[in-house]
Amino acid sequence: MDSAKSASGRGKDLIYRQLFQQMPFCIAVIDRDYNIVDANRDFSDQFGEWQGRKCYAVYKHLNQPCDRCPSVDVFSDGQARATDAVGVDRDGRSTHYVGHSIPIFAEGSAADVKYVLEMTRTVAGTGNWQQEYQILFDRVPCYITIIDRDYRIVRANEAFRENFGDVIGLYCYEVYKRRSSRCDNCPATKTFRDGKLHRASQTGTGKSGQDIHYVVSTSPLRRTGEEIAHVIEISTDVTATRKLEKQVIETERLAAVGQTVAGLAHSIKNILMGLEGGKYIVSLGIKKGDSEMINEGWEMLDRNFTKTTSLVRDFLSFSKGRLPELKMVRPADLVSEIVNLYRDIAAQSGITLKAEVVDSPREAPLDPDGIHTCLTNLVSNAIDACLIGDQKGSEVTVRVEDTGEKLIFEVSDNGSGMDYDIKQKIFTTFFTTKGSGGTGLGLLTTRKIVQEHGGKISVESRRGEGAHFRIAFPRQRLLSLYQTGKETAVEH
Amino acid sequence: MAKKKILIVDDEPDVVKWLTILFENNGYDTASAFDGSEGFAKACSDCPDLITLDISMEGESGAKMYKKLLENETTAEIPVIMLTGASPKLDEFLARMRGSKRPAAFMEKPVTDSQLLDKVTELIG
């Protein structure tokens with residue numbers, strides 16, 4: 001060995017030689033052509049015959065250099081590296097080892113790397129432990145990758161390889177997302193920077209081009225006292241959960257459409273009965289020469305034509321078939337807007353309208369126009385209920401609360417309230433208690449908008465004791481719709 | 001011979017007005033009610049020969065009133081024409097009525113004057 005031979009005296013040479021042989025881990029010296037020029041006893045024991053062979057043939061039984069070779073990097077920049085790899089031992093068994101690749105410079109040079117010293121140690125003391133570790137790594141039901149500081153994948157488990165293909169040596173961002181540069185807000189970057197665990201919700205692209213939704217957590221991989229050389233990325237695939245979530249929202253949407261169509265048919269049939277009646281009375285009046293009867297029939301016809309016009313107008317506005325246009329808004333602003341809009345109208349009828357904001361709600365992805373319509377409907381209904389209730393000290397409160405998991409809007413009043421029968425009908429038919437003053441579409445529209453946001457509307461009320469409407473939006477659903485919306489926008 | 005009496009129960013004022021004129025012009029007496037509870041009270045007090053009954057009403061429903069009619073001795077035999085605007089409501093009603101005496105007729109809105117008169121004549125002459 002050249003460096004050893006340069007040491008002065010045969011005594012020292014002998015000491016270095018014995019030290020080299022007896023070190024309790026595998027050592028191999030590699031030249032620029034991947035030839036193993038020397039190796040110690042442990043190396044021979046672990047990997048077998050090495051004389052006259054290439055490192056990749058001995059370590060991994062390959063017939064060409066590995067995709068990512070730490071020695072090539074060390075030859076190129078003279079910097080030592082930590083390695084972490086799976087090789088094949090002398091008996092053909094898979095063996096996981098970690099090691100260091102250290103440059104040996106030509107005499108008198110600090111830049112010309114002549115050899116690379118590879119010192120490796122198998123990770124497991126026993127074959128069983130190693131095998132169990134490997135099974136756990138490959139079979140655990142999530143994706144695991146280890147990336148180096150250049151964001152190249154140095155290891156990936158079986159689940160990951162199945163969905164993303166053969167990825168060793170590729171950049172994580174090109175594998176996960178088919179990008180040519182690092183992602184914004186990358187959790188691995190944060191972990192490399194602060195050594196802490198980070199989490200993020202992401203959408204990637206599988207090897208067949210399919211969308212893969214996953215939640216990734218990144219943690220540092222470093223040996224005591226050393227800087228973070230690698231980051232482990234563990235991702236849970238939530239694609240199926242996302243799909244189910246979308247299906248639930250779609251089913252609820254379809255159920256709402258079904259109920260709406262049934263309600264519409266009911267209203268139209270009643271209008272047709274009115275027209276049929278009007279026609280009959282006019283004809284009878286003409287036959288009898290009874291002008292009063294003709295007038296009565298004509299009024300009935302007129303009333304039902306007007307009803308048709310209002311129904312069609314309201315229904316067109318109700319049936320605007322669109323997905324909610326979600327954008328990040330401050331929920332408290334939506335509440336203040338409605339309260340400011342209705343405060344004077346309410347005050348004129350002696351009703352106090354109040355806003356209540358609980359737990360400073362965070363921004364949320366909502367369709368501001370849609371939520372405005374919902375709150376407008378609920379507040380105007382609440383004011384009407386107070387007018388019918390006709391009691392002193394009438395009050396309507398619009399409240400918003402953030403529980404972290406849910407965003408909740410509430411509209412309460414101390415007006416006339418509703419009994420059980422009415423409560424059963426308000427969201428399911430074109431129901432109105434306002435006679436010819438309403439089409440019964442207000443709460444249906446409200447419910448439709450709420451369902452399009454993946455939310456739920458409910459009511460608590462008793463006759464004479466006011467009403468309490470509650471709209472609850474699960475934040476996870478809002479987020480899921482928001483991400484879908486953004487992806488759809490990009491696709492178009 | 002005394003005129004036969006028809007009780008019209010519907011929450012739509014225009015329907016009540018039309019049927020009242022239609023039946024009276026064709027030789028019947030009428031009474032009317034706007035929900036199930038008022039309808040049942042009139043069925044007991046006026047002893048009508050036939051009832052036209054809307055299923056879905058704002059107050060007490062037609063289904064509930066029909067059940068009360070069956071449970072009452074003086075009203076159980078009165079023929080009832082169920083008028084319905086919404087098919088799902090009818091299915092729901094039929095499911096609930098399984099095992100009980102069925103109404104004399106079902107008619108789905110909108111009905112014409114001749115369809116309704118034909119049915120009434122068939123039932124009470």
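This is a predicted model: local features need pLDDT of at least 70, side-chain atom pairs count only at pLDDT 80 or more; totals for chains, interfaces and linings use all residues.
Residues are numbered from 1 along each chain as its sequence is written, and chains are lettered from A in the order in which they are written. Local features need pLDDT of at least 70, side-chain atom pairs count only at pLDDT 80 or more, totals use all residues, and side-chain values use heavy atoms, without hydrogens and water.

**View 1. Chain A as a whole.** Chain A holds 16 helices and 17 strands (DSSP runs: helices H or I, at least four residues; strands E, at least two; numbered from the N terminus). Of its 492 residues, 45% are buried (under 20% relative accessible area, 1.4 Å probe, protein chains only).

**View 2. R470(A) in its strand.** R470(A) lies in strand β17, residues 467-474 of chain A.

**View 3. The five-stranded sheet of chain B.** This open sheet runs β2-β1-β3-β4-β5, with parallel pairing (strands pair if DSSP finds at least two bridges between them). β2 (29-33) and β5 (105-108) of chain B are the edge strands, each pairing on one side only.

**View 4. Strands β1 and β3 of chain B.** β1 (residues 5-9) and β3 (residues 50-54) of chain B pair in the parallel sense over four bridges. L7(B) stands opposite I51(B) in β3(B).

Technical notes
Buried means under 20% relative accessible area, exposed over 50%, partly exposed in between (1.4 Å probe, protein chains only).
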